Amino acid sequence: APPEEVEDASEPTKRDRSHLENTLKLNEEKPADDVSGVLQRLRKIYHSSIKPLEHSYRYNELRQHEITDGEITSKPMVLFLGPWSVGKSSMINYLLGLDNTPYQLYTGAEPTTSEFTVIMHGPKLKTIEGIVMAADSARSFSPLEKFGQNFLEKLIGIEVPHKLLERVTFVDTPGIIENRKQQERGYPFNDVCQWFIDRADLIFVVFDPTKLDVGLELEMLFRQLKGRESQIRIILNKADSLATQELMRVYGALFWSLAPLINVTEPPRVYVSSFWPHDYHPETHRDLFLKEEISLLEDLNQVIENRMENKIAFIRQHAIRVRIHALLVDRYLQTYKDKMTFFSDGELVFRDIVEDPDRFYIFKSILAKTNVSKFDLPNREAYKDFFGINPITSFKLLSQQCSYMGGCFLEKIEKAITRELPDLLGSIGLGKKPNVLSCDVTGCGETPKNRYRKP
């Protein structure tokens with residue numbers, strides 16, 4: 001790139017945005033791949049083969065996770081988490097070019113974002129109140145109503161007519177403030193974070209090199225991210241504010257403080273750069289920062305391109321959990337029926353079973369069934385609570401959940417897991433080679449390690 005002309009010192013130089021447009025393919029006029037047919041088939045499989053069993057055995061009361069149509073058809077979601085004032089909102093402004101527009105997200109040195117802000121596509125710039133978002137069942141945010149009115153006042157939607165948002169939705173979150181009590185927020189902050197974490201396709205955890213205090217709130221957050229390691233990307237932002245040697249020390253310190261919180265064999269990908277529109281500080285590693293930024297954009301692109309595969313895999317994973325739950329409830333019920341005699345007290349009999357399911361081989365008998373992994377079995381304690389609310393006598397055995405026309409619930413969900421969903425996955429992977437990046441286009445020089453999904 002030619003050296004920048006020296007401008008008036010009061011106005012910082014803006015960075016060239018062409019790499020953003022090239023990497024994210026924002027200027028390509030080709031129609032986005034038509035996924036509506038695949039989504040229709042996915043909805044049909046869900047409604048006919050998975051939902052009946054889910055309802056019949058009240059799976060939602062065990063996991064608090066009901067899949068809405070809005071969720072099946074929603075775009076990939078990118079979630080921004082991290083301490084306050086690390087540049088989460090600035091990064092979103094930069095990616096979408098919102099700076100100096102009426103709709104730029106507020107940024108500043110003090111904690112500025114107190115809301116959960118959902119940035120999505122719309123024909124024109126407009127703001128939507130959280131209460132309206134939750135009331136609209138076509139959107140995927142209606143389940144958020146369960147967190148109460150106080151929370152909905154802290155939820156805001158912004159519609160922006162931007163090419164990138166046709167393919168992805170961003171969520172900006174209030175910064176984590178150490179030593180701030182949860183109660184002060186007036187709504188269950190951790191539960192809300194968990195709801196977004198469970199649904200995010202990519203989770204950016206952003207840090208500022210000048211304040212790396214890992215306290216209790218951050219530890220709590222990483223506990224919530226367990227099991228989502230493949231979606232996490234760590235961002236060391238504002239990297240051009242430090243000299244190289246200092247930056248390397250900070251990079252080491254960041255890993256040192258995060259290591260106990262992320263116990264996986266492969267560390268998450270860390271991106272070191274400055275994600276905002278101003279030019280990099282002189283005498284810093286601008287080439288490195290630019291390469292890092294392009295790698296991050298390619299990561300984002302990969303997620304967008306894999307959205308259907310991830311959606312089908314997500315529904316299939318959900319179906320596996322629903323099936324295991326149904327098999328367990330069926331087994332509890334069968335054991336209860338076997339133990340009951342004319343003279344026994346039903347409640348006492350069932351309390352015995354719930355208190356010590358291992359004595360009756362309830363969980364072991366499920367493992368004996370084909371293709372159930374012991375790592376997928378739910379916590380047995382959860383069933384004490386579950387049956388406290390849902391009496392065992394309110395359920396039917398699986399063998400009774402069959403009809404002449406509709407077939408058996410269990411057979412249908414098994415067919416969905418073993419045949420229908422994998423076939424649907426196969427139909428969209430036509431000749432798509434995973435993990436091939438467009439480095440030849442962007443010249444990023446090396447393939448970033450730790451792709452979105454392991455092959």
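Guide: Let's start with Arg58, which lies over the face of Phe395, at 4.7 Å from the ring centre. Before going on: this is a predicted model, where local features need pLDDT of at least 70, side-chain atom pairs count only at pLDDT 80 or more, and totals for chains, interfaces and linings use all residues. Residues are numbered from 1 along each chain as its sequence is written, and side-chain values use heavy atoms, with hydrogens and water left out.

Visitor: What makes Arg58 count as lying over the face of Phe395?

Guide: A charge sits over a ring if NZ of Lys or CZ of Arg is within 6 Å of the ring centre and within 35 degrees of the ring normal. Arg58 lies at 4.7 Å from the ring centre of Phe395, so the distance meets the 6 Å limit.

Visitor: Why are Phe80 and Phe170 called an edge-to-face pair?

Guide: A search of the whole structure finds 21 aromatic pairs. Rings of Phe, Tyr and Trp (its six-membered ring) pair if their centres lie within 6.5 Å; planes under 30 degrees apart count as stacked, over 60 as edge-to-face and the rest as tilted. Phe80 and Phe170 are 5.6 Å centre to centre with 85° between the planes, so the pair is edge-to-face. Phe80 is in strand 1 (residues 77-81) and Phe170 in strand 5 (residues 169-172), 90 residues apart. Helices (H or I, at least four residues) and strands (E, at least two) are DSSP runs, numbered from the N terminus.

Visitor: And what makes Tyr332 and Tyr383 stacked?

Guide: Their planes are 25° apart and their centres 5.8 Å apart, so they fall under the 30 degrees for stacking. Tyr332 belongs to helix 12 (residues 307-339) and Tyr383 to helix 15 (residues 380-389), 51 residues apart.

Visitor: How do you know that Tyr332 is buried?

Guide: Buried means under 20% relative accessible area, exposed over 50%, partly exposed in between (1.4 Å probe, protein chains only). Tyr332 has 0% relative accessibility, so it counts as buried. Tyr383 is also at 0% and buried. Across the protein, buried residues make up 48% of the 455 residues.

Visitor: Why is strand 1 called largely enclosed?

Guide: Because 5 of the 5 residues of strand 1 are buried. Met77, Leu79 and Leu81 point one way, Val78 and Phe80 the other way, and all are buried. Helix 8 (residues 189-199) is likewise largely enclosed, because 8 of its 11 residues are buried. Among them are Phe189, Trp195 and Phe196. Those three also belong to a cluster linked by ring pairs, which includes Phe116 and Tyr187.

Visitor: How do you know that strand 1 pairs with strand 5?

Guide: Two strands pair if DSSP finds at least two bridges between them. Strand 1 and strand 5 are joined by 4 bridges and run parallel, so they pass. Another 4 bridges join strand 1 to strand 6 (residues 202-207), also parallel. Val78 has Phe170 as its bridge partner in strand 5, and Leu202 in strand 6.

Visitor: What makes strand 3 and strand 8 edge strands?

Guide: The open sheet has 8 strands in the order 3-4-2-5-1-6-7-8, with mixed pairing. Strand 3 (126-129) and strand 8 (269-272) each have a single partner strand, so one side of each is left without a neighbour in the sheet.
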